[in-house]
Amino acid sequence: MNELNLGQNTPRSRFEARAGGHYVGQAAYVDDDGDHRIFFHTAVIDEYAGQGIAGTLAEYALSKTVAGGKIIVPVCPYIKSYLARHPEYVPDVLEPTEPLLRFLDGVLQSRKRSAAPKGHD
């Protein structure tokens with residue numbers, strides 16, 4: 001595998017993994033108006049699966065989140081399982097609440113509507 005580069009793509013609200021300059025994975029999030037960062041999706045493309053990229057990406061994303069003063073809200077199953085194996089993050093984790101889940105749903109629905117193809121008038 002090429003060297004793995006990790007970074008935050010703030011405009012796309014995700015942390016990304018790249019190998020050889022090519023996108024290979026992400027940990028997507030939504031920030032609320034407060035200090036919560038809701039992680040809702042983590043994925044690595046099939047070609048790079050099984051190489052530990054998701055774990056490396058999760059560690060990077062969670063560490064950057066905590067360093068930035070944000071509280072981790074895990075909705076993504078992968079992030080939840082990662083946190084279960086890494087108790088050092090417990091002080092910085094908030095289990096999802098109904099208001100945060102409604103907020104996440106609203107943001108994701110809004111993104112779907114804005115990404116939908118426009119009809120011709």
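**Figure 1. Arg 14 and Glu 16 are both buried residues and belong, together with Arg 18, to a network of salt bridges.** The view is taken from a predicted model, in which local features require a pLDDT of at least 70 and side-chain atom pairs a pLDDT of 80 or more, while totals for chains, interfaces and linings use all residues. Residues are numbered from 1 along each chain as its sequence is written, and side-chain values rest on heavy atoms, without hydrogens or water. The term buried denotes a relative accessible area under 20%, exposed denotes over 50%, and partly exposed covers the range in between (1.4 Å probe, protein chains only). A salt bridge requires a side-chain nitrogen of Lys or Arg within 4 Å of a carboxyl oxygen of Asp or Glu. Glu 16 meets Arg 14 with an N to O distance of 2.6 Å, and Glu 16 also bridges to Arg 18, where the closest N and O atoms are 3.3 Å apart. Glu 16 is classed as buried because its relative accessibility is 7%, whereas Arg 18 is classed as partly exposed because its value is 31%.

**Figure 2. A further salt bridge joins Arg 37 and Asp 31.** The closest N and O atoms of this pair lie 2.7 Å apart. Arg 37 has a relative accessible area of 7% and is therefore buried; Asp 31, at 27%, is therefore partly exposed. The whole structure contains 3 salt bridges. Side chains of opposite charge can pair when their charged atoms come close.

**Figure 3. Strands β1 and β2 form a hairpin in which Ser 13 has a positive phi.** Strands (E, at least two residues) and helices (H or I, at least four residues) are DSSP runs numbered from the N terminus, and two strands are said to pair if DSSP finds at least two bridges between them. β1, residues 4-9, is antiparallel to β2, with 6 bridges. Within this pairing, Asn 5 is opposite Arg 18 of β2. The hairpin has 4 residues between its strands, and Ser 13 is located in this loop between β1 and β2. The phi of Ser 13 is near 50°, a positive value in a residue other than glycine. Most residues other than glycine have a negative phi. Ser 13 counts as buried because its relative accessible area is 15%.

**Figure 4. Strand β3 has antiparallel partners in β2 and β4.** β2 and β3 share 6 bridges, with Arg 18 opposite Tyr 23 of β3. The hairpin of these strands has 2 residues between them, and Gly 20 there adopts a positive phi near 60°. β3 and β4 are joined over 7 bridges; Val 30 stands opposite Ile 38 of β4, and 4 residues separate the strands of this hairpin. β3 is mostly covered, with 7 of its 10 residues buried.

**Figure 5. The largest nonpolar core comprises 19 residues.** Such a core is a set of buried Ala, Val, Leu, Ile, Met, Phe, Trp, Tyr and Cys residues joined through side-chain atoms within 4.5 Å. Phe 15, Phe 39, Leu 62 and Ile 79 touch the most other members. Two or more residues each are contributed by β2 (14-19), β3 (22-31), α1 (53-67) and α2 (77-85), and α1 provides the largest share, 5 residues. Another core, also shown, lies apart from this one and has 5 residues, including Val 30, Val 73, Leu 100 and Leu 104. In soluble globular proteins, nonpolar side chains tend to be buried together.

**Figure 6. The largest pocket has a volume of about 160 Å³.** On a 1 Å grid over the protein atoms alone, a pocket is an open set of points where a 1.4 Å probe fits, with protein on both sides within 12 Å along at least five of seven lines; lining residues have an atom within 4 Å of a point. Grid points are joined across faces, edges and corners, and the volume is the space filled by probe spheres set on them. The lining consists of Arg 12, Arg 14, Gln 26, Ala 28, Phe 40, His 41 and Arg 111, with at least two residues each from β3 and β4 (36-44). By class, 2 lining residues are nonpolar, 2 polar and 3 charged. Here Ala, Val, Leu, Ile, Met, Phe, Trp, Tyr, Cys and Pro count as nonpolar, Asp, Glu, Lys and Arg as charged, and the others, Gly among them, as polar.
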